[in-house]
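Reader: I'd like to go through this one term by term. Could you show it to me first?

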Amino acid sequence: RFYELQEQDLNTNTNKSSLKSILRSKIYGLIFGQALGDAIGLSTEFLNTIQAAIEYNFSIPLLYSHFLCDKHRSRWRPGDFTDDTDQFLIILLHIIYVYKQNNEQKKKGIELEEYGQNLLRWSRQGFSELGDVGGMGIGATVSAILMHPNFCTDPKYTAFRVWDKNFNQDAAANGSVMRTAIIGSLKIKELYNNTNTNTNNNNNTNSDSKFWDVTKWALEIGSVTHYDSRCQAACVIASQIVALEFERVFKEEGKGKGK
C-alpha cells in the first residue's frame, strides 16, 4: 500500500501509468535483487580470494547445487537467502506499518521500539511462513544487542551501550548496511510530496516529505543495532545510491522529462 503512487496529484502531461510501472518494477528489482544476490553471495561468504578460487570454477555459471557444503553453508537450503534479506524484509514491513499508522492515526514517528521488537521476534522465530525456526546467520554485534534486557524499550541507546561497553567503541560490522537498500525507496514518497508542495504550496505535504527523508531513516534504523558512525555512514551511502536511481527515473519519466 505504501508504494501505490498517486499519479492524479501530478500536474504533468507525460504517461503517468508508465512512470508508475517503471517505479514499481524498480522496487520489485530492489527486493528480488537483494534476495538473489544474498543467496548467491552465500557461496563465498567468509572465504578469501584464494579459497574461493580453489572451491569454485568461476569460468562456468555458479549454481546453487555447486555450493561448497561446509559447516557454515549447510545450514541453509540451496537457493535460500540469509539474515541479510530477512532483516531487509523486516525494514520493508516496518515501513509499511509506519505508513499505515501515519495515515490511520496521524502519528509521526519512525517507531524504533516497534522495529526493535520485530527484529527480536524474528531472531527467535524467523519467518515461519518460509519454514524458519529462528533467525539464522546473526552476527556478533546484532546478537549482543538483541540479548540486552533493555533492547525492546530503548533499542538505540542499547546499541550505544553495547558498542561502548562490549566493543570499546570500535565495532563497525556490516550487519546494518547489508539490509538498508530498501530505505532508498522512500525517495519515491519524497519526490511525490515535493511535487505536490510545489504545485499546491501545501505545508503539510512538505512536513510529510521531511518525515520520509532517506538519510534520516537510514541513520535511525541503522543505529538500532550498529551505533558506530562508520556503520551509519555506510547505511546512508547505500540508501542514497538507491534513492538516486529512483530520482533519475522520476525526472526522466515523470514531470522532469524533456527539461
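Reader: What makes up the contacts in the chain with a separation of 6 or more?

Author: Residues 24 or more positions apart account for 72% of them, where contact means heavy atoms within 4.5 Å. Keep in mind that this is a predicted model, where local features need pLDDT of at least 70 and side-chain atom pairs count only at pLDDT 80 or more, while totals for chains, interfaces and linings use all residues. Residues are numbered from 1 along each chain as its sequence is written, and side-chain values use heavy atoms, with hydrogens and water left out.

Reader: How do you know what confidence the chain has?

Author: From pLDDT, the predictor's confidence in each residue, from 0 to 100. The chain averages 87, and 86% of the residues score at least 70. Over residues 1–14, though, the pLDDT is below 50; that stretch still has 37 contacts in the model beyond near neighbours in sequence.

Reader: What makes the secondary structure of the chain, helices or strands?

Author: It comes to 10 helices and 0 strands.

Reader: Why is Gln232 called buried?

Author: Buried means under 20% relative accessible area, exposed over 50%, and partly exposed in between (1.4 Å probe, protein chains only). Gln232 has 17% relative accessibility, so Gln232 counts as buried. Gln232 lies in helix 10 (residues 229–253), and leaving aside neighbours within four places in sequence, Gln232 is in contact with Leu219, Ser223, His226 and Tyr227. Of the 259 residues of the chain, 44% count as buried.

Reader: What makes a cavity a cavity, and how many of 30 Å³ or more are there?

Author: On a 1 Å grid over the protein atoms alone, a cavity is a set of points where a 1.4 Å probe fits but cannot get out; a pocket is an open set with protein on both sides within 12 Å along at least five of seven lines. By this rule there is 1 cavity of 30 Å³ or more. The largest cavity has a volume of about 40 Å³, a volume being the space filled by probe spheres set on the points, which are joined across faces, edges and corners.

Reader: Which residues line the largest cavity?

Author: Lining residues have an atom within 4 Å of a point. Among them are Trp163, His226 and Tyr227. Helix 5 and helix 6 (155–166) each give two or more residues to this lining.

Reader: And what is the volume of the second largest pocket?

Author: About 310 Å³. Of its 21 lining residues, the closest to the centre are Glu45, Gly137, Gly139, Asn174 and Met178.

Notes
Helices (H or I, at least four residues) and strands (E, at least two) are DSSP runs, numbered from the N terminus.
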